[in-house]
Amino acid sequence: IVLESAAPAGSAQIVVGEATACLPLGDLIDLTAEKARLEKARSKVADDVEKIERKLANEKFVANAKPEIVEAEREKLVDLTGQMEKLTAAVERLNQAG
């Protein structure tokens, strides 16, 4: 296992929770397809972030929901925000690679 702050250029990147796994594939992958996959994942996470932000901005939800449910939504928001940052970084690395 190699821990690095940046993925090698031209590598496939998978974001799972707080981890980003990179598999250097050089010229073996279609960078355009990989970028599309990452963009699709980033779009889904962005949609989820937006839904949770709307829910937490709803004063009626926050006032009426059990405190543990509100806290769970806040934790999900933090996790999803971290995933969004990692996916954005992965897309940027692909843009630099090709």
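Ala97 is partly exposed, with a relative accessible area of 29%; buried means under 20%, exposed over 50% and partly exposed in between, for a 1.4 Å probe and protein chains only. This residue belongs to helix α3. Between Ala97 and Leu31 the C-alpha to C-alpha distance is 8.2 Å, at a sequence separation of 66 residues.

The model is predicted: local features need pLDDT of at least 70, side-chain atom pairs count only at pLDDT 80 or more, and totals for chains, interfaces and linings use all residues. Residues are numbered from 1 along each chain as its sequence is written, and side-chain values use heavy atoms, without hydrogens and water.

The protein chain holds three helices and two strands, in the order β-β-α-α-α from the N terminus. Helices (H or I, at least four residues) and strands (E, at least two) are DSSP runs numbered from the N terminus.

Helix α1 (residues 31-57) and helix α3 (residues 67-97) have axes that come within 9 Å and cross at roughly 155 degrees. Therefore α1 is roughly antiparallel to α3, a term for angles over 145 degrees. Axes are lines fitted to C-alpha atoms, for helices over the stretch in contact, and angles run from 0 to 180 degrees between N-to-C directions. The residue classes in the contact of α1 with α3 are tabulated below.

| Class | Residues in the α1 and α3 contact |
|---|---|
| Nonpolar (Ala, Val, Leu, Ile, Met, Phe, Trp, Tyr, Cys, Pro) | 17 residues |
| Polar (the others, Gly among them) | four residues |

Of the 98 residues in the protein chain, 23% are buried.

How values were computed. Parallel < 35°, antiparallel > 145°, perpendicular 65-115°, else oblique.
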